[in-house]
Amino acid sequence: MADRNSIEGRFEQGLFASRWLMAPMYLGLVVSLGMLTIVFTKELVYYAAKTFTLTADQAILAILTLIDLSLAANLLLIVLFSGYENFVSKLDLGDQRDRPSWMGKVDFSGLKMKLIASIVAISGIHLLKVFMEVGKQSGDAALNGEKLLWLVVIHLTFVVSGVLLALMDWLAARTSKH
């Protein structure tokens, strides 16, 4: 019986240690954040050089593009920090004054809500950008019809999914724990 417990104990320790296989994925997300920063900077430089020739609509579209990229980066940070702390290891940063208040407090349910809220915001901004372009491009008749309908349907799917996830979390919080 002692051998079985020893084998079982080592097996469980191995399972527990396997969480570190996620660490390279979080490192990959750091690289992705760097890539997103480069794309953001490239877009900013591109639009900044055109500042004096942009129309108001073009400026708004440029700003929405930058907001879209920053929301994607925020989403990436939330997944990076919360995922690492929830699934791999707590971040031991000592007494950091500038540590975001949500770090270490976002559980899996909170992470889901932040993810879906970010996805809905990104989808909404993309939809707004498309709406602003409607009727401005003469050769893009497909954008005005079927494609626009699908973009709205997809956005509403994200919204409904978010509401249903929030409802499921609310119901789960109201039930007694098993």
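Start by selecting W20. This residue is partly exposed, with a relative accessible area of 39%. The model you are looking at is predicted.

**Stop 1**

Now check where each partner comes from. W20 belongs to the loop between helix 1 (2-17) and helix 2, while Y84 belongs to helix 3, so the contact ties together parts that are 64 residues apart in sequence. Is Y84 buried or exposed? Y84 counts as buried, at 18% relative accessibility, because the cut-off for buried is under 20%.

W20, Y26 and Y84 make up one aromatic cluster.

**Stop 2: a second pair of rings**

How many aromatic pairs does the structure hold? There are 3. For another of them, select Y46 and Y47. This pair is also edge-to-face, with 5.1 Å from centre to centre and 75° between the planes. Y46 counts as partly exposed, at 43% relative accessibility.

**Stop 3: the whole fold**

Zoom out and switch to a cartoon view. The protein has 5 helices and 0 strands. Along the sequence the pattern reads α-α-α-α-α. Now colour by accessibility. Of the 178 residues, 21% count as buried.

**Stop 4: helix 4**

Select residues 108-133, which are helix 4. This helix has 26 residues. From first C-alpha to last, helix 4 reaches 38 Å, close to the 38 Å expected at 1.5 Å a residue. Which residues of helix 4 are buried? Show L111, I116, S118, S123, I125, L127, K129, V130 and M132. As you look along the helix, keep one rule in mind. An α-helix has 3.6 residues a turn, so residues three or four places apart point the same way.

**Stop 5**

K112 lies in helix 4 and D169 in helix 5, so the pair ties together parts that are 57 residues apart in sequence. The structure holds 1 salt bridge. Compare the two ends. D169 counts as buried, at 18% relative accessibility. K112 is partly exposed, with a relative accessible area of 25%.

**Stop 6: the largest pocket**

Which helices each supply at least two residues of the lining? Colour helix 2 (23-49), helix 3 (56-87), helix 4 (108-133) and helix 5 (141-174). Next, colour the lining by residue type. The lining divides into 8 nonpolar, 3 polar and 4 charged residues.

**Last stop: L61 and E133**

Finish by selecting L61, which is found in helix 3. L61 counts as buried, at 13% relative accessibility. Draw a C-alpha to C-alpha distance from L61 to E133. The two are 8.9 Å apart in space, and 72 residues apart in sequence.

Note on methods:
Residues numbered from 1 in each chain as written. Predicted model: local features only at pLDDT ≥ 70, side-chain atom pairs only at ≥ 80, totals over all residues. Heavy atoms only, no water. Helix = DSSP H or I, 4+ residues; strand = E, 2+ residues; numbered from the N terminus. Nonpolar A, V, L, I, M, F, W, Y, C, P; charged D, E, K, R; others polar. Salt bridge = Lys/Arg side-chain N within 4 Å of Asp/Glu carboxyl O. Buried < 20%, exposed > 50% of the residue type's maximum accessible area, 1.4 Å probe, protein only. Expected span 1.5 Å × (residues − 1). Phe/Tyr/Trp six-rings, centres within 6.5 Å; stacked < 30°, edge-to-face > 60°.
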